[in-house]
Amino acid sequence: MDIHDRHGLKAAAAEALSAAHNHKKLILLWAGVVTALPLLASVLHFVLEFQIADTGGLSGIGLRSILSTIQSLLSISTSLLMPFWTLGYIGLTLRFARRETAGCPCLLDGFRRFGPALRLMLLELAVYAIICFICVQIGSTVLSFTPLAEPVYQVLDSSQQMLLSGVIDESTLLAMTEAMIPILAVCGVLCVAVLIPVMYRLRLTRLIIMDTPRCGALFAVRESLRLMRRNCIHLLRLDLSFWWYYLAQVLLSVLCYGDVILPTLGVSLPFSENTSYFIFYIAALLAQLVLLYYFSARVQTTYALFYDTLRTPPKEQNSLTI
């Protein structure tokens, strides 16, 4: 198979899914959890918010602290569980691509790779954070010598006494923030321009971490860099061929925030604020469930075949842990 042949990869993915007779059940299970877990967390957060509001006075401080802690744990738990659940799904699509036997327990493989996968996520996060920090530092330093920095200098000149006193009022802080918007915008563009090539070179790390039982985070990064060398443009073209899938995800994000966007546009909603939030949130989640059920396996299995095509000769799996 050739990575240049996007239509061939998609056709092979469709054939592989056709051969996996239980793939619809497995995808529905995965997508159902992806949909239900955030909804459950939101409902519980909403209920706890009402409970916290009812615990007024000094006598309710202890209960408010407990309920607030539970809220935080719910948010953290959801954010922590979903990446590993999705890793199991990635491993599942690898099995589909190779026409191997797959079952419900395969969806838990991401949790079985918890240690290496967590180290990989933290490593990638550190790399992206360092890149953003460097870009902001370099960008802001260079831009400080351009006309974009003039509004910042004007605010500083008009607030010298306040700055010397060490006490900055809210209006000055707001003026400083507004003056820095052009610089921050350019720095943001610079960060994106640098991050995109790096992210493409690391796109295969999760496939590698699920494909190689004994590998660690550093090996996954090195192997992704090796496989993606001179192949980023081919993956970009494959991404662009799925433009409709990613556009649908963007539209779902817009739908999710409909309760905020519509009033901003001057459209009044005949519901309370909380009701509007849940109407749009549930509608977006249900639409996401449909999108994932019908199309996600086709897309992800194509990426699995892209990875398998690059993965020759097979990786050695000894002495890989970190």
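Glu-124 touches Leu-202, Thr-205 and Arg-206, leaving out residues up to four places away in sequence; contact here means heavy atoms within 4.5 Å. Glu-124 sits in helix H5, residues 114-143, and is buried, with a relative accessible area of 6%. The cut-offs are under 20% relative accessible area for buried, over 50% for exposed and partly exposed in between, with a 1.4 Å probe and protein chains only. Please keep in mind that this is a predicted model, where local features need pLDDT of at least 70 and side-chain atom pairs count only at pLDDT 80 or more, while totals for chains, interfaces and linings use all residues. Residues are numbered from 1 along each chain as its sequence is written, and side-chain values use heavy atoms, with hydrogens and water left out.

**Overall build**

- The protein has 14 helices and zero strands; these are DSSP runs numbered from the N terminus, with helices being H or I of at least four residues and strands E of at least two.
- Its C-alpha trace spans about 70 × 55 × 45 Å along the principal axes.
- Of the 322 residues, 38% are buried.
- The accessible surface comes to about 18400 Å², and 68% of that belongs to carbon and sulfur atoms; areas come from the Shrake-Rupley method with a 1.4 Å probe, and for residues only the protein chains shown count as cover.
- Among contacts between residues at least 6 apart in sequence, 77% join residues at least 24 apart.

**Salt bridges**

- The whole structure holds eight salt bridges, each defined as a side-chain nitrogen of Lys or Arg within 4 Å of a carboxyl oxygen of Asp or Glu.
- Back to Glu-124: its side chain meets that of Arg-206 in a salt bridge, at 2.6 Å from N to O. Glu-124 lies in helix H5 and Arg-206 in helix H9 (residues 205-211), so this pair ties together parts that are 82 residues apart in sequence. Arg-206 is partly exposed, at 28% relative accessible area.
- Glu-15 forms a salt bridge with Arg-99, with the closest N and O atoms 3.6 Å apart. Because Glu-15 lies in helix H1 and Arg-99 in the loop between helix H3 (61-97) and helix H4 (109-112), the pair ties together parts that are 84 residues apart in sequence. Glu-15 is partly exposed at 48%, and Arg-99 counts as exposed at 51%.
- Arg-112 and Asp-109 also meet through their side chains, at 2.4 Å from N to O. They are three residues apart in helix H4, so about one helical turn separates them. Arg-112 is exposed, at 54% relative accessibility, whereas Asp-109 is buried, at 18%.
- Arg-98, Asp-211, Asp-308 and Arg-311 are linked in a salt-bridge network.

**Nonpolar cores and helix packing**

- The largest nonpolar core has 62 residues, and those with the most contacts inside it are Trp-30, Leu-87, Phe-96, Leu-204, Ile-208 and Phe-306. A core is a set of buried Ala, Val, Leu, Ile, Met, Phe, Trp, Tyr and Cys residues joined through side-chain atoms within 4.5 Å.
- Apart from that core lies another, of eight residues, including Val-155, Met-176, Ala-179 and Ile-183.
- Leu-87 is in contact with Gly-110, Ala-117, Met-121, Arg-206, Ile-209 and Met-210, leaving aside neighbours within four places in sequence.
- Helix H11 (residues 232-241) has Cys-232, His-234, Leu-235, Leu-238, Asp-239 and Ser-241 as its buried residues. These pack against helix H1 (6-19), helix H8 (170-201), H12 and helix H14 (273-310).

**Surface patch**

- Tyr-257 is placed in the loop between H12 and H13 and counts as exposed, at 52% relative accessibility.

**Cysteines**

- The structure holds zero disulfides, a disulfide being a pair of cysteine sulfur atoms within 2.5 Å.
- For Cys-106, the nearest cysteine sulfur is that of Cys-104, 8.6 Å away; Cys-106 is buried, at 10% relative accessibility.
- The sulfur of Cys-191 is 4.2 Å from the closest cysteine sulfur, in Cys-132, which is too far for a bond. Cys-191 is buried as well, at 8% relative accessibility.
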